[in-house]
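Here is a friendly walk through one protein model. Have a look at it first, and then we'll go through some of its details together.

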Amino acid sequence: DGKGPLPVYADAGLTRWDSASYTGTARGLQENGNTALYAFLGNQVAKFSPSGSGSTIGGLIGSGKVFTAINQAANPQIGIVTADLQYYILSTATDTLAISADGDLPPVNSIDFLNGYFIFSTQDGEIWHTQPNDADNINALSFATAESDSDGLVRVKAHKGFVFALGQKSLEIWRDVGTTPFAFQPEDADIDIGCAAGHSVVEVADGLAWVDNFRNVRL
């Protein structure tokens, strides 16, 4: 019942947080507590301070988005898995980046962290993990296969103490039971819902959301 048109007000909008200039496409971000933010920008790796100042600390080959995770080592290590199935380790102690030297790990397509372990998936349907808080130490027997379907894995995602192994046509939920050399076993291994894209998997307030193999958004 207003006597005039609805008022419209201008807003200042967002302000830029960082003071650096990078031209590379954003491929991924990884926070190290409240001390630093690592950004993978094109073929550059940049480190930002809490105040927003940035510096280049290394390079990353290839293109496409990356998966990242950080462990709980005294000087945390950041694991990076690229679109071309390479596994890099970034040392936050020295701000150096290198491909993993452990020859036991096959080509992997995603990474996450749970209970001290970096956890990986492969296109062949295998789940691997590192030794606790040691990014470059992988036992040749620290793996198992998601066997409910013959599809390969698209993504592993840690959520609420479980590992979700999302395949092309199915998914499985695994629990850490502390066994060696592989620490996990399936909790629920016959769910006929797949994942269309690994980077669609995100944590939301009520659980996980992702785009399934029929292009529906699942929660």
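Does D212 count as buried or exposed? At 0% relative accessibility, D212 counts as buried. Here, buried means under 20% relative accessible area, exposed means over 50%, and partly exposed is in between (1.4 Å probe, protein chains only).

## Before we start

This is a predicted model, where local features need pLDDT of at least 70 and side-chain atom pairs count only at pLDDT 80 or more, while totals for chains, interfaces and linings use all residues. Residues are numbered from 1 along each chain as its sequence is written, and side-chain values use heavy atoms, with hydrogens and water left out.

## Salt bridges

Let's stay with D212 for a moment. Its side chain meets that of R218 in a salt bridge, 2.8 Å from N to O. The term stands for a side-chain nitrogen of Lys or Arg within 4 Å of a carboxyl oxygen of Asp or Glu.

Another one of them joins K157 and D112, whose closest N and O atoms are 3.8 Å apart. K157 sits in strand 13 and D112 in strand 9 (residues 110–114), so this pair ties together parts that are 45 residues apart in sequence. Strands, by the way, are DSSP runs (E, at least two residues), numbered from the N terminus. K157 is buried at a relative accessible area of 13%, and D112 counts as buried at 13% as well.

Then there's R175 with E187, a salt bridge of 3.0 Å from N to O. R175 belongs to strand 15 and E187 to strand 16 (residues 184–191), so the parts they tie together are 12 residues apart in sequence. R175 counts as partly exposed at 34% relative accessibility, and E187 is partly exposed too, with a relative accessible area of 43%.

## Strand 14 and its partners

How many of the 6 residues of strand 14 are buried? It's 5 of them (the strand covers residues 162–167), so strand 14 is largely enclosed by the rest of the structure. On one hand, it runs antiparallel to strand 13 (residues 153–159), joined by 6 bridges; two strands pair if DSSP finds at least two bridges between them. The hairpin of strand 13 and strand 14 has 2 residues between the strands, and K160 there takes a positive phi near 55 degrees.

On the other hand, strand 14 pairs with strand 15 (residues 171–176), again in the antiparallel sense, over 5 bridges. That makes a hairpin with 3 residues between the two strands. V163 is a handy landmark in strand 14: A158 stands opposite V163, and V163 also stands opposite W174 in strand 15.

## Aromatic rings

Rings of Phe, Tyr and Trp (its six-membered ring) pair if their centres lie within 6.5 Å; planes under 30 degrees apart count as stacked, over 60 as edge-to-face and the rest as tilted. By this rule, there are 8 aromatic pairs. W17 and F48 make a tilted one, at 5.7 Å centre to centre with 50 degrees between the planes. That pair links distant parts of the chain, 31 residues apart: W17 is in the segment before strand 1 (26–32), and F48 is in strand 3 (residues 44–48). W17 is partly exposed at 43%, whereas F48 is buried at 6% relative accessible area.

F113 and F118 are arranged another way: their ring centres are 6.1 Å apart and their planes at 80 degrees, so the pair is edge-to-face. Both F113 and F118 are buried.

## An exposed loop residue

F113 is also one of the contacts of Q72. Leaving aside neighbours within four places in sequence, Q72 is in contact (heavy atoms within 4.5 Å) with F113, G116 and N133. Q72 lies in the loop between strand 5 (67–70) and strand 6 (77–81), and it counts as exposed at 56% relative accessibility. The C-alpha atoms of Q72 and Y87 are separated by 18 Å, with the two residues 15 apart along the chain.

Methods. Helix = DSSP H or I, 4+ residues; strand = E, 2+ residues; numbered from the N terminus.
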